[in-house]
Amino acid sequence: MQKFHFKNILENSGWRQNVLIETDDTGTITSISESNLVDKDVNLIEGFVLPGFQNAHSHAFQYAMAGLAENHEISNNPDDFWSWRDEMYQLALKVSPDQMEAIASMLYSEMVRQGYTNVAEFHYIHHQTDGSKYDNLAEMGQRMINAAKNAGINITLVPIFYQMGGFGKEAQDGQRRFISKTTEEYLELFEASKQACESYSGANIGIGIHSMRGVKSSDIVKIANEGPQDVPFHIHISEQLKEIEDCLNYLGKRPVEWLSQNIQLSERFHLVHATHLSPEEISMIASTKANVVLCPTTEGNLGDGLFPFNQFQKEGGQWSIGTDSHIGINPLEELRLLDYGQRLISHKRNTFAQKTGDSGAYAIEMATVAGRKAMNNFEATYFKVGEKLNAAIIDSKSPLLALTRKERLTSSLLYTSDSSHIWGAIINGSIQAANGKHKNEETIKANFVKAINEIGNRS
């Protein structure tokens, strides 16, 4: 059993002071009360406590190439998403299970240090480097789970169905580690991944399609309708203009248009990026309560474009954030970039404040509640008896924040804090990062350095 005394904690209704939370041995909250007394067996947390951030979209292995695709060829064929993808394939063909675990452990520990308590791992490197299957179909997925355990973060493993090299095209050789040829092969992989999740109490499972271009349309429908119905469903969609053009040429409809007309969307669906939507597609998503996962630092890095946030918000659309390729990992940066991109194209400053008047409170609510759904958690209350204690902690000793009255604190936290202001994180009732340092930093870092030196792509 653990006891935590929080001087300032953000609840759904606003800031509350001097809160005592007790947990059992699993990190589940058993009581929440107000108390001015701090016993010697109580963990005193003086920082500003937020619900743990939810990272709803991650490709962990890509952390090993962060920043390496920024040297652009000067030619008539300028660098774009598709040449970046080629660079990614080269890395994907090299990484071993041990290296994958080391990279993901480093990444996840950095997420924890930045206040993330949960990650949805959109995982598609399934096979050996020659494309043959491991004896354990979920070998690489198991390494992601091991990494989450090393870092102490909760993980929703989303083994991805990847079948094609494009609309009507066979898979390329560079994609050979990703491929499940049939729905039956994919569901076998899913079941093996589900079993692997049983090795860590902080793990659960999701289901996912790589993209409209990556799986036959008939098989997308089959997995959506006949696959597991009690887990979140993740898919990349409408990220790049070329993808939409190809979809129109092949299926005669735009990606979200086709998806919504062939699958019964609901709040268990998470459409990643959805950058380029028509007004009709915006309504299709919002009306079904499906969620959009936005990854602003990656979308900006890849030149994807800006999501039509204003109209989506007006129609009550639900959204969360992810760090995708991990060119950036700070959740506050993701939220700010999302907001500022919209301000720049609308020439208005109230992107997040249209309904509540409080930009910071709105952003944290959406990122938390919709982000939890991506992990199969439909609890909207930030801290509640019977739920795990997961919290991000901002340093309250920052002079600017310390002098801010509570009514303006949430937005001040969001818009003025940098990574140095993130004190740490509590995950499942255990302090995993404190004073800006992960508790297993040295071991994780040493294994990461060894793996990167072996891969050799950064030297």
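I began with E16 and E17: two bridges join these strands, and they run antiparallel. I took strands as DSSP runs of E with at least two residues, and helices as DSSP runs of H or I with at least four, numbered from the N terminus. I called two strands paired if DSSP finds at least two bridges between them. This is a predicted model, in which local features need pLDDT of at least 70, side-chain atom pairs count only at pLDDT 80 or more, and totals for chains, interfaces and linings use all residues. Residues are numbered from 1 along each chain as its sequence is written, and side-chain values use heavy atoms, with hydrogens and water left out.

**Hairpins**

I looked up the partner of Ala433 in E17 and found His438. Two residues separate the strands in the hairpin of E16 and E17, and Asn435 takes a positive phi near 55° there. I then stepped back to strand E15 (residues 422-427), which pairs with E16 in the antiparallel sense over three bridges. Ala433 in E16 stands opposite Ala425. E15 and E16 also form a hairpin with two residues between them. Asn428 in that turn has a positive phi of about 50°.

**The sheet**

I traced the open sheet: eight strands, order E3-E2-E1-E4-E14-E15-E16-E17, mixed pairing. Strand E3 (29-34) and strand E17 (437-438) stand at the edges with a single partner strand each, so one side of each has no neighbour in the sheet. At the E3 end, five bridges join E3 to strand E2 (residues 14-23), and the two run antiparallel. Glu22 has Ser31 in E3 as its bridge partner.

**Largest pocket**

I searched on a 1 Å grid over the protein atoms alone. A pocket is an open set of points with protein on both sides within 12 Å along at least five of seven lines; a cavity is a set where a 1.4 Å probe fits but cannot get out; lining residues have an atom within 4 Å of a point. Grid points are joined across faces, edges and corners, and a volume is the space filled by probe spheres set on the points.

The largest pocket has a volume of about 540 Å³. I listed 31 lining residues, with Asn118, Asn154, Lys388, Asn390 and Asn428 nearest the centre. Strands E6 (116-123), E7 (154-161), E8 (203-205) and E16 (430-434) each supply at least two lining residues. E7 gives the largest share, three residues. The lining divides into eight nonpolar, 19 polar and four charged residues. I counted Ala, Val, Leu, Ile, Met, Phe, Trp, Tyr, Cys and Pro as nonpolar, Asp, Glu, Lys and Arg as charged, and the others, Gly among them, as polar.

**Cavities**

I found four cavities of 30 Å³ or more.

**Salt bridges**

I counted 20 salt bridges, each a side-chain nitrogen of Lys or Arg within 4 Å of a carboxyl oxygen of Asp or Glu. I noted one between Lys222 and Glu184, at 3.2 Å, N to O. This pair links distant parts of the chain, 38 residues apart: Lys222 in helix H5 (residues 217-226) and Glu184 in helix H4 (residues 183-197).
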